[in-house]
Amino acid sequence: MSAEAARPPLSERLRPGLRAGVALGPVAFLVGLSFGVLARPEMGKVAPIVMSAVVFAGASQFGALAVLASGGGAVPAVLAGVLLNARFLPMGLALGPSLPGRALRRAAEGQAVVDASWALANRGDGTFDRDRLLGATLPQYPLWIIGTAVGTLAGDRLGDPDALGLDALFPAFFLALLIPELKDRRTLGVALAGAGLALALTPVAPAGVPVLVACLAALWGLRR
Amino acid sequence: MSAVWITIAALTVATILIKSAGPVAVGGRQLSPPALRVITLLAPTVLAALVAVETFGSGKHGLVVDARFLGLLAAGAAIALRMPLAVVVLAAAGAAAGARALGAA
């Protein structure tokens, strides 16, 4: 593996991604915190922390929690969570060609996909920087779990997460990631079409489906 | 096992499979220019859809305009002023919390 040996060491390659991930860390912490606060009454002290450690997909955790809290059973809760993760299918298909190595290794690296890291790893030319993806996720993962733990253990002292405006974090966070992507009018048009498609479907489709269907707007790229 | 733990176990397996699917199906290959253009457009499309749904989506009522929209406007202003990400999200949370405290939204 001479090509491998010629590359800089892993710690050096991960550094730009780590730097980006550290900036994302406080958001992961705060959203994890609001998940912990909301999950505590429904799931107890331990389960929310375990869930953040092993599922590590914010929207699907909130979605599954909402079903459980409304009295739905495990099956609808898992279905809601799966639909909210469905966007990771097209996102993973986009990422896959940029991942070298065996299938098992690519599958493991695919676990690092969360919205922010995936967006930051995208080079804007249809390829992804694998080291940036891994580096950006590394700080977010422990902070997501720690945030959840603080939320479950200290939640009764924090009050309602909505009163603190924590539900406004997600859209602001995604907007900050979106703006640098809007490089030209075509991109802006497709992004608006995706948003419009998602909004149109939100009142009628189960959560998660609108964003999945919105991905179809990117097929506009098949045109010159 | 309670519904909570069944949910956690099943959602863990499902999430791993979903995140693995793309990388396993297509790995390490050169793509055609049209495929690259589609992938290039995917990030802004997904992010714009997430902004829209997370701002206006409501579990029970379909679409609503509430304090989250004020938060989004505050975030937009912070982005326009080239503030760092932490300031952007705190501006959003602060605007939404303020509006709710005043009973405006």
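This is a predicted model: local features need pLDDT of at least 70, side-chain atom pairs count only at pLDDT 80 or more; totals for chains, interfaces and linings use all residues.

User: Which residues have the most contacts inside the largest nonpolar core?

Analyst: A nonpolar core is a set of buried Ala, Val, Leu, Ile, Met, Phe, Trp, Tyr and Cys residues joined through C-beta atoms within 7 Å. A residue is buried if 20 or more other C-beta atoms lie within 10 Å of its own, exposed if 12 or fewer, and partly exposed in between, with C-beta atoms placed from the backbone. Here the largest such core has 110 residues, and A:Leu169, A:Ala172, B:Ala75, B:Val89 and B:Ala92 have the most contacts inside it. Leaving aside residues up to four places away in sequence, B:Ala75 touches residues including A:Ala172, A:Leu175, B:Val88 and B:Val89.

User: How many residues of chain B are in contact with chain A, and which helix of chain B gives the most to that side?

Analyst: Two residues are in contact if their C-beta atoms, placed from the backbone, lie within 7 Å. By this rule, 69 residues of chain B are in contact with 89 residues of chain A. Helix α2(B) gives the most to this side of chain B, with 22 residues. Helices (H or I, at least four residues) and strands (E, at least two) are DSSP runs, numbered from the N terminus. The side of chain B that touches chain A has 47 nonpolar, 16 polar and six charged residues; Ala, Val, Leu, Ile, Met, Phe, Trp, Tyr, Cys and Pro count as nonpolar, Asp, Glu, Lys and Arg as charged, and the others, Gly among them, as polar.

User: At what angle do helices α2 and α4 of chain A pack?

Analyst: Axes are lines fitted to C-alpha atoms, for helices over the stretch in contact, and angles run from 0 to 180 degrees between N-to-C directions. Helix α2 (residues 10-43) and helix α4 (residues 58-69) of chain A pack at an angle of about 20°, with their axes 10 Å apart. That angle makes α2(A) roughly parallel to α4(A), since angles under 35 degrees count as roughly parallel, over 145 as roughly antiparallel, 65 to 115 as roughly perpendicular and the rest as oblique.

User: Is the crossing of α2(A) and α4(A) left-handed or right-handed?

Analyst: A crossing is left-handed if the near helix is turned anticlockwise from the far one by less than a right angle, and right-handed if clockwise. The crossing of α2(A) and α4(A) is left-handed, whereas α10(A) passes α3(B) in a right-handed crossing. The axes of α10(A), residues 169-178, and α3(B) come within 9 Å and cross at roughly 30°.

User: Are A:Phe56 and B:Arg82 buried or exposed?

Analyst: A:Phe56 is buried, with 24 other C-beta atoms within 10 Å, and B:Arg82 is exposed, with 8 other C-beta atoms within 10 Å. A:Phe56 lies in the loop between α3 and α4 of chain A; B:Arg82 lies in the loop between α3 and α4 of chain B. Although not a glycine, A:Phe56 has a positive phi of about 50°. B:Arg82, not a glycine either, has a positive phi of about 60°.

Technical notes. Residues are numbered from 1 along each chain as its sequence is written. Chains are lettered from A and ligands numbered from 1 in the order in which they are written.
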